[in-house]
Amino acid sequence: MSKIRDIKPRWAEGLPETPPWRSLGASVVVDTPWMQVTRHPAVAPTGADADYMVMRPRNVGTGVLPLHDDGTVSLVGQHRFALMRYSWEMPEGGAPEGEDPFEAVKRELAEEAGLTAAHWRAALDMDLSNSITDERAMTWVAWGLESTDKAPDPTEVFLSARVPFGALMAEIARGAVRDSLTVATAYRAYHMAREGELPAALARSMLGA
């Protein structure tokens with residue numbers, strides 16, 4: 001699994017950092033195959049005493065936005081337990097400890113969307129909701145797509161849709177597509193298309209140019 005690089009924004013180079021949080025210990029409150037919840041007596045940056053709890057997933061979140069040559073994207077729809085509502089998303093999953101997230105996301109593309117890709121480009125490496133969890137997510141865009149057999153997880157039931165990239169962006173703006181990895185990666189893909197980071201013909205198809 002790739003290590004997180006400690007990179008500062010260029011505007012922050014040379015600026016001092018504010019005082020850090022300090023943990024005075026840890027106890028495990030919840031322990032499952034998918035996550036731990038730990039509790040920490042802590043000292044806040046102000047010096048105040050604090051009682052902090054952190055949710056620590058065991059997997060790295062992964063996702064891929066599949067870009068077809070005609071400017072459409074493949075999405076999957078499924079019901080999500082935590083919010084108890086339906087969600088349209090790009091293919092996503094998790095890389096357990098010891099698995100390369102890139103290998104995991106290739107597996108998810110096949111299992112959920114029934115696709116393989118000849119070309120991949122890293123899109124984002126993100127911290128998700130960093131006030132309460134150390135969850136990490138890594139996403140890609142992929143093109144040069146070919147069909148393969150789907151193999152969803154035993155708990156998963158999917159619908160599939162292939163929609164114009166512009167339609168995805170419009171539904172994100174309308175609030176109909178809300179999954180954070182999908183939203184962030186779609187905007188990143190838009191930027192990549194605009195800035196010449198994707199093949200010119202693919203970018204023109206995506207942007208309707």
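Just after helix α4, G208 takes a positive phi of about 70 degrees. Helices (H or I, at least four residues) and strands (E, at least two) are DSSP runs, numbered from the N terminus. The model is predicted: local features need pLDDT of at least 70, side-chain atom pairs count only at pLDDT 80 or more, and totals for chains, interfaces and linings use all residues. Residues are numbered from 1 along each chain as its sequence is written, and side-chain values use heavy atoms, with hydrogens and water left out.

Helix α4 spans residues 200–207, and its buried residues are L202, A203 and M206. Buried means under 20% relative accessible area, exposed over 50%, and partly exposed in between (1.4 Å probe, protein chains only). The three cover an arc of only 100 degrees around the axis, which puts them on the same side of α4. The arc is that of the directions from the helix axis to the C-beta atoms. The packing partners of these buried residues are β10 (136–147), α2 (165–174) and α3 (180–194). M206 touches L67, G71, F165, G166, A189, A193 and L198, not counting residues up to four places away in sequence. Contact means heavy atoms within 4.5 Å.

Helix α2 also ends at a glycine with positive phi: α2 is followed by G175, near 85 degrees. The buried residues of α2 are F165, L168, M169 and I172. They cover an arc of only 95 degrees around the axis, so they lie on the same side of α2. They pack against β5 (59–66), β6, β11, α3 and α4.

The axes of α2 and α3 come within 11 Å and cross at roughly 130 degrees. That makes α2 oblique to α3. Axes are lines fitted to C-alpha atoms, for helices over the stretch in contact, and angles run from 0 to 180 degrees between N-to-C directions. Angles under 35 degrees count as roughly parallel, over 145 as roughly antiparallel, 65 to 115 as roughly perpendicular and the rest as oblique. The crossing of α2 past α3 is left-handed, a term for a near helix turned anticlockwise from the far one by less than a right angle, with right-handed for clockwise. On the α2 side, F165, L168, M169 and I172 take part. They meet T182, V183, A186, Y187, A189 and Y190 in α3.

The largest nonpolar core has 25 residues. Such a core is a set of buried Ala, Val, Leu, Ile, Met, Phe, Trp, Tyr and Cys residues joined through side-chain atoms within 4.5 Å. L65, L67, V141, L168, L198 and M206 have the most contacts inside it. At least two residues of this core come from each of β6 (72–80), β9 (115–127), β10, α2, α3 and α4. The largest share, 5 residues, comes from α3. Apart from this core lies another, of 13 residues, among them V60, A104, V105 and W120.

Strand β11 covers residues 159–164 and contains L159. L159 touches L75, V76, G77, Y86 and W88, not counting residues up to four places away in sequence. L159 and V28 are 131 residues apart in sequence and 38 Å apart in space, C-alpha to C-alpha.

The chain as a whole has 4 helices and 11 strands. Its C-alpha atoms fill a box of roughly 55 × 45 × 35 Å, taken along the principal axes. Of its 209 residues, 35% count as buried. Among contacts between residues at least 6 apart in sequence, 58% join residues at least 24 apart.
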